[in-house]
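Please look over the sequence and the model shown here before reading on.

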Amino acid sequence: MTAITQALLSTRGLDVAIAGRTLVRDLDIRVDSGETLAILGRNGSGKTTLLHTLAGLRPPSCGGVELCGKQYLAHGPRAAARLRGLLAQTQSDAFPASVLETALIGRHPHLGRWAWESASDERIARDALSAVGLQDLEGREVHTLSGGERQRLGIATLLTQQPLLYFLDEPLAHLDLAHQIAILELTRRYAAACGAAFVVVLHDMNLALRYCRRTLLLFGDGRWQEGTSEEVLTAESLSELYGHPLRELNDGGCRYFVAA
Amino acid sequence: MPNRRRALLIVFLLAMAALASVAASLAAGSLPLGYSDLWQVFRGDETGIVAEVVRTLRLPRALAGLACGGLLALAGSLMQVLLKNPLADPYVLGVSGGASVGALAAMLFGLPLIMLHLGAFAGALISMLLVFGLAHGDGSWTQTRLLLTGVIVASGCGALVALMLSVAPEHQLRGMLFWLMGDLSQGESSWPALTVLALGLVAVLPFARDLGILARGELSAQALGVPVARLRILVYVLASLFTAVAVNSAGSIGFIGLIVPHLVRLAMKSSAGNDQRLLLPASALAGGALLVTADTLARTIVAPQQLPVGVLTALLGVPAFLYLLARQQR
């Protein structure tokens with residue numbers, strides 16, 4: 001098996017630009033099986049645009065992205081969808097659907113053209129709903145969910161898709177503290193048990209430090225910094241990143257950052 | 001729950017309803033017929049005036065209604081997917097207006113019949129591309145802009161129609177007006193429309209699950225492996241074609257494309273949600289049945305006078321729609 005040495009995701013000389021403005025220049029990163037990479041940056045620094053580029057949903061303006069050693073084009077959309085999944089920043093529901101039906105759309109790339117969801121697909125979806133604590137709401141209309149419940153349903157849909165590589169765009173938005181931790185614990189469990197990898201856009205550097213092995217800082221002007229969270233996350237780098245002074249606190253060997 | 005057996009059952013029941021609506025339409029009229037008379041006509045035992053009425057008058061008209069209702073409902077469903085908005089419909093978005101402009105232009109220049117059909121299709125496709133080309137992407141503003149563009153294009157088409165009618169020479173005006181007001185009785189042959197409906201269903205059904213996911217947003221659809229760009233082109237072309245064929249064979253019958261997908265959605269409740277695998281064939285059948293029934297009533301209620309069929313589709317559809325909506329809210 002070469003999969004052990006092969007990166008799940010790698011970029012070479014990747015440029016990301018939007019409306020003529022280069023947000024990320026010459027990015028070289030790799031994400032291995034079992035790893036979690038946090039992406040931090042100010043509003044409008046290109047986190048989401050980069051995430052979509054890494055997920056193969058938008059062409060890079062320069063350079064290349066490889067998923068499991070192959071370009072997205074070489075995979076084709078269906079095969080790529082079995083390898084990577086995306087939790088978008090917002091979930092839209094134009095038409096009524098139940099919670100279980102919504103989770104089941106995650107099975108799409110695994111089903112043949114004429115196939116209908118089988119009992120095992122339903123089991124996978126129910127397990128995913130349980131994993132995010134929505135098991136009692138499977139019959140509810142999506143429109144009746146609260147913001148946090150809808151967000152967890154988005155995560156459950158992604159878990160139902162069963163990719164190897166998860167792109168999460170602000171997965172903690174709308175979640176209360178307990179659910180924020182629960183979702184991050186979930187990513188840790190999936191990474192350890194299934195060898196899944198996560199690329200997560202976050203706004204909380206303390207959670208990034210605690211749950212993500214690596215961190216990528218986007219400064220919004222093309223510059224970026226990537227490395228282990230321990231070394232990348234410092235009061236100095238974060239103060240520059242957010243344009244606001246931060247202080248580092250120590251508590252029993254754990255580091256925390258607070259706005260000064 | 002999405003379930004193939006349940007879906008097949010619902011489609012089968014709707015097919016029976018469509019068949020019943022056609023049978024009722026064959027039986028009703030100034031020459032009332034029993035079902036045994038109809039049976040004899042189809043077995044070939046009955047000849048003479050009864051067979052003549054059924055074969056040359058009532059059957060083509062019923063089949064044209066079935067086909068047009070199905071086509072309009074299918075076009076409406078597809079456009080609602082494309083717009084991710086339940087308000088989309090060939091009339092609201094100016095697609096059928098475009099078809100009217102194309103067909104009337106062909107008439108105005110005295111082009112042959114085939115050009116009339118092509119003109120309708122081209123007009124529908126141009127409106128469609130105008131509306132959807134001017135705004136793409138996700139987000140609520142895009143949707144608002146799409147609807148706004150559609151409404152503007154629709155009124156632009158209305159103006160063009162009025163312009164062409166006012167400059168048309170006397171001898172063509174009659175034909176153009178007749179075509180524009182059109183009803184199901186003018187149908188030369190209903191087979192082309194039925195064929196388009198059948199082939200169209202065959203073309204979209206393999207992509208039904210993809211369409212259901214596309215209706216939830218382009219980004220997530222793309223991430224789930226749906227070939228968004230290709231699917232959109234397919235929907236543009238098919239929805240324009242369906243609208244053009246329906247407008248060509250029955251003139252302007254509004255409302256079906258908007259209301260039938262909702263009727264089906266509400267009637268299925270959460271058993272199918274927005275599952276296009278069920279919604280597309282069910283809408284086609286329900287649309288056909290609704291239009292045939294409306295047309296039958298339109299020509300019998302105040303016989304020998306005929307009511308415009310659009311009045312009847314609304315009179316049947318609105319209460320049913322409101323009832324289902326109220327039932328769902330609880």
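A residue is called buried if 20 or more other C-beta atoms lie within 10 Å of its own, exposed if 12 or fewer do, and partly exposed in between, with C-beta atoms placed from the backbone. Helices (H or I, at least four residues) and strands (E, at least two) are DSSP runs numbered from the N terminus. This is a predicted model, in which local features need pLDDT of at least 70 and side-chain atom pairs count only at pLDDT 80 or more, while totals for chains, interfaces and linings use all residues. Residues are numbered from 1 along each chain as its sequence is written, and chains are lettered from A and ligands numbered from 1 in the order in which they are written.

**The sheet of chain A**

- Six strands of chain A form an open sheet with mixed pairing, in the order β7-β8-β9-β4-β10-β11, where two strands pair if DSSP finds at least two bridges between them.
- The edges are held by β7 (84–87) and β11 (224–228) of chain A, each of which has a single partner strand, so one side of each is left without a neighbour in the sheet.
- Neighbouring strands of this sheet are turned against each other by 15° on average, direction ignored; axes here are lines fitted to C-alpha atoms, for helices over the stretch in contact, and angles run from 0 to 180 degrees between N-to-C directions.
- At one end of the order, β10(A) and β11(A) pair in the antiparallel sense over five bridges, and Thr215(A) stands opposite Gly227(A) in β11(A).

**Strand β8 of chain A**

- Five of the five residues of β8(A) are buried, so this strand is largely enclosed by the rest of the structure.
- Both faces of β8(A) are covered, with Leu165(A), Phe167(A) and Asp169(A) buried on one side and Tyr166(A) and Leu168(A) buried on the other.
- β8(A) pairs with β7(A) in the parallel sense over four bridges, and with strand β9 (residues 197–201) of chain A, again in the parallel sense, over five bridges.

**Cys212 of chain A**

- Cys212(A) is found in the loop between α8 (205–211) and β10 (214–218) of chain A, and it is buried because 26 other C-beta atoms lie within 10 Å.
- Leaving aside neighbours within four places in sequence, Cys212(A) is in contact with Thr36(A), Leu37(A), Ala38(A), Val200(A) and Ser229(A), a contact being two residues whose C-beta atoms, placed from the backbone, lie within 7 Å.
- The C-alpha atoms of Cys212(A) and Glu35(A) are separated by 7.6 Å, although these residues are 177 residues apart along the chain.

**Domains of chain A**

- The domain assignment of chain A gives domain 1 (1–68 + 164–260) and domain 2 (90–163), with bounds that come from an automatic or database domain assignment.
- The C-alpha centres of domain 1 and domain 2 of chain A lie 26 Å apart, and the contact takes eleven residues from domain 1 and eight residues from domain 2.
- On the side of domain 1 of chain A that touches domain 2, the elements giving two or more residues are β8 (165–169) and α7 (177–194) of chain A, and α7(A) gives the most, with three residues.
- The residues on that side of domain 1 divide into eight nonpolar, two polar and one charged, where Ala, Val, Leu, Ile, Met, Phe, Trp, Tyr, Cys and Pro count as nonpolar, Asp, Glu, Lys and Arg as charged, and the others, Gly among them, as polar.

**Chain B and its side facing chain A**

- Chain B places 23 residues in contact with 26 residues of chain A.
- α9 (208–214) and α10 (218–223) of chain B each supply at least two residues of the side of chain B that touches chain A, and α10(B) gives the most, with four residues.
- By class, that side of chain B has ten nonpolar, eight polar and five charged residues.

**Helix packing in chain B**

- Helix α3 (residues 49–83) and helix α8 (residues 191–204) of chain B pack at an angle of about 40°, with their axes 8 Å apart.
- The residues of the contact of α3(B) with α8(B) divide into ten nonpolar, two polar and no charged.
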